[in-house]
Every structure is written in C-alpha cells, then in structure tokens.
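Here are a few friendly notes to read alongside the model. Keep the viewer open and look up each place as you go.

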Amino acid sequence: MKKTALYYSNIFLEHIVPNGHPENNNRIKFIIKNIIKSNFKNLKFKNAKPANHNILKLGHTERYINWLSQLKPAKEIIKIDQDTFMSPKTLESAKIGVGCLVDAIDNVLEKKYRNAFCLLRPPGHHAEREKAMGFCFFSTIGIGAKYLKKIKQLYKIAIVDFDVHHGNGTQDVLWNDPDCLFISIHQDKIFPFTGSKNETGIKNNILNIPVNAGSNSTEFRSIVDNIIIPRLIKFEPEFLLISAGFDGHQDDQISQTQWAESDFIYITKKLKSFANQFCGDRIVSCLEGGYHLEKLSTCCVSHIKTLME
Ligand SMILES: [Zn+2]
C-alpha cells in the first residue's frame with residue numbers, strides 16, 4: 001500500500017509570537033514528539049521549497065503580497081493586527097507551508113503517495129485575499145484549491161474545514177469560484193464573527209454550518225452524515241482538501257464546543273471513504289488551529305493515523 005506523506009519543516013518552529021500567545025511553536029513540537037513516539041511505518045516525512053510569487057498570487061493580490069514582504073522585520077516581532085504577529089522567519093515559514101501543500105497536491109495527483117498531511121504553521125484559513133488576520137498570513141488551502149484548478153486543470157475541488165472557527169479567508173478566496181465548494185462547520189458568534197448560513201458564494205458554492213456553543217458529538221456526527229457527505233457526493237469533486245483544526249475539542253479553552261477526539265476520527269474516516277468512492281482517493285489535509293497542546297497532539301496524530309489506514 002502507498003504511504004501517507006507528512007509534510008513538515010523545522011522552519012515552522014521559527015515563526016515566533018509573543019509569550020502567552022496560543023499559536024506558538026509548542027503546538028508543532030507536541031505533535032512531532034507524538035508522531036515520532038508512534039513510529040508509523042506508513043508515513044513518509046517530506047519537506048518542500050517556499051511557494052513562489054506566482055503561486056501566492058493564486059490567492060492574493062500583488063499589492064498584498066508586496067505589502068507583507070515590506071513588513072518583514074530584521075530582528076523584532078511586529079504586530080500585524082490584534083492577534084497576528086510577524087517575526088523575521090514568519091513569511092518564509094508561511095511560504096514554505098504553501099509550498100508543502102502544493103508539493104503534496106502534485107505527489108498525490110501523481111500517485112506517489114496515497115494522501116498527505118501538512119503539519120504547518122502559521123495556519124492559513126483566516127487570511128483573506130488582502131488581509132492577514134487570526135494568526136494567518138496566506139490562504140494556504142485557498143491557494144491549493146486555485147492551484148488544482150488553474151495549474152493542474154482539474155474541474156471541481158471541494159474543501160472541508162472543521163476548525164472550530166469559520167474559515168473566512170478560504171471563503172473570501174473562493175467566493176467567486178463556482179467550481180470550488182467550501183464547506184465550513186464552526187461555532188457561531190465567535191471569532192471571526194462570519195460564516196452565517198446565508199453566506200453562500202457566487203453560485204451556492206459556500207456551505208456554512210454554524211453550531212451553537214455546547215455542540216456535542218451527536219450533533220457533529222449528524223452534520224457529517226446528513227449535510228457534509230451528501231453535499232460532497234452531489235458536487236462530485238475530483239480532489240478533496242481538508243482544513244483540519246482541532247480547537248473544537250471539549251478541553252480546548254478557545255471554544256465552547258464539546259467535540260471529542262473520536263469525532264475528529266469519525267469525520268476523517270467519512271471523508272476518506274467519500275474520497276475513496278468518489279474522487280480517486282485524493283486527499284490533502286492541512287493543520288489549522290488547536291490550542292490545547294496535549295489534546296491537539298493526540299487528535300492530530302489520530303487524524304494522520306486515520307489517513308494512513
Ligand atoms: Zn480555529
């Protein structure tokens with residue numbers, strides 16, 4: 001059986017944020033430690049080059065990319081918005097993250113690997129076409145979807161985002177593209193305060209599923225079975241991208257949903273089975289949020305393990 005590719009670069013540890021910031025490099029350190037301990041036989045570690053300007057332009061304006069480049073600090077950490085910070089290696093780290101996703105897509109399309117997970121930071125799903133926000137700089141998954149369509153000439157791409165926050169950036173990048181279906185399940189009325197049911201994209205290509213605080217496993221699984229999977233089947237994508245955030249876990253202080261590790265395994269299994277039956281088994285998943293270090297690492301490793309099975 002073909003292996004799952006795990007994309008990772010040590011530079012992801014060098015995106016430095018102020019003390020006490022939840023999106024810090026301990027997140028990746030905990031996950032890596034857990035992966036090494038698990039000693040998976042079907043996992044291949046991979047690295048990639050930074051995405052070039054033309055790739056970044058698939059999701060962002062020239063003006064925005066140039067603006068970010070000019071901000072790059074020599075030594076200090078600078079504040080981009082309320083909770084988004086840039087250190088000297090931040091942009092390089094974000095660009096390598098996008099590079100990893102693009103390389104993962106190439107390798108899965110060429111069937112060198114069965115599927116892939118990109119263990120990266122900073123995350124991407126809050127970055128809009130012209131705006132860094134919510135710890136994010138580049139719309140990694142949005143760029144991935146555009147890359148599949150414009151460079152790889154696929155017709156239809158689906159993205160499922162189960163991070164507890166609405167993927168406003170991915171939505172912004174894909175809003176006008178009827179060939180990209182973006183599905184986001186998230187807690188209502190928390191950051192970034194978007195993602196209502198009536199935000200549906202240019203041609204019904206955005207499906208937002210806001211849930212209330214306290215949303216439990218039963219609700220989560222019912223949404224997977226009765227809303228997400230049927231919509232994917234109807235859309236008939238050729239490739240599935242996943243924005244995998246684990247901050248909806250019941251122990252994660254950043255949200256009030258009561259989801260469990262077994263729910264993340266559940267959605268991963270269902271998405272895998274969908275991809276296996278309907279889109280040539282082609283899945284690439286990217287890390288987004290998750291701030292309870294222990295639970296993030298066990299949930300993320302379970303997600304990777306489920307991709308490998
Ligand atoms: Zn999140």
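1. Where does threonine 61 lie? This residue sits in the loop that runs between α2 (53-56) and α3 (62-71). Do keep in mind, here and below, that you are looking at a predicted model.

2. Stay with threonine 61 for a moment and look at its partners. Setting aside residues up to four places away in sequence, threonine 61 touches Arg129 and Glu130. With glutamate 130 there is also a polar contact: the two side chains are joined at 2.7 Å.

3. Now zoom out to the whole chain. Along the principal axes, the C-alpha trace spans about 50 × 40 × 40 Å.

4. How much of the chain is buried? Buried residues account for 60% of the 309 residues. The accessible surface comes to about 12,500 Å², and carbon and sulfur atoms hold 49% of that surface. As for contacts between residues at least 6 apart in sequence, 77% of them join residues at least 24 apart.

5. Next, please look inside. The largest nonpolar core has 99 residues, and the members that touch the most others are Leu119, Ile228, Leu232, Leu240, Leu241 and Val284. Which helix gives the most to this core? That is α4 (residues 90-109), with eleven residues.

6. Leaving aside neighbours within four places in sequence, its contacts include Leu101 and Ile105, then Ile141, Gly144, Ala145 and Leu148. Leucine 241 is also in contact with Ile157, Ala158, Ile159, Val160 and Val284.

7. Just after α8, glycine 280 takes a positive phi of about 60°.

8. Which residues of α8 are buried? They are Asp263, Phe264, Tyr266, Ile267, Thr268, Leu271, Lys272, Phe274 and Ala275. The elements that cover the buried residues of α8 include the strands β6 (157-161), β9 (239-244) and β10 (283-287), along with the helices α7 (217-235) and α9 (293-308).

Notes. Residues are numbered from 1 along each chain as its sequence is written. This is a predicted model: local features need pLDDT of at least 70, side-chain atom pairs count only at pLDDT 80 or more; totals for chains, interfaces and linings use all residues. Side-chain values use heavy atoms; hydrogens and water are left out. A nonpolar core is a set of buried Ala, Val, Leu, Ile, Met, Phe, Trp, Tyr and Cys residues joined through side-chain atoms within 4.5 Å. Buried means under 20% relative accessible area, exposed over 50%, partly exposed in between (1.4 Å probe, protein chains only). Helices (H or I, at least four residues) and strands (E, at least two) are DSSP runs, numbered from the N terminus. Contact means heavy atoms within 4.5 Å. A polar contact is a pair of N or O atoms within 3.5 Å; within protein, one must be able to donate a hydrogen and the other to accept it, and residues adjacent in sequence count only if both atoms are side-chain atoms. Accessible areas come from the Shrake-Rupley method with a 1.4 Å probe; for residues, only the protein chains shown count as cover.
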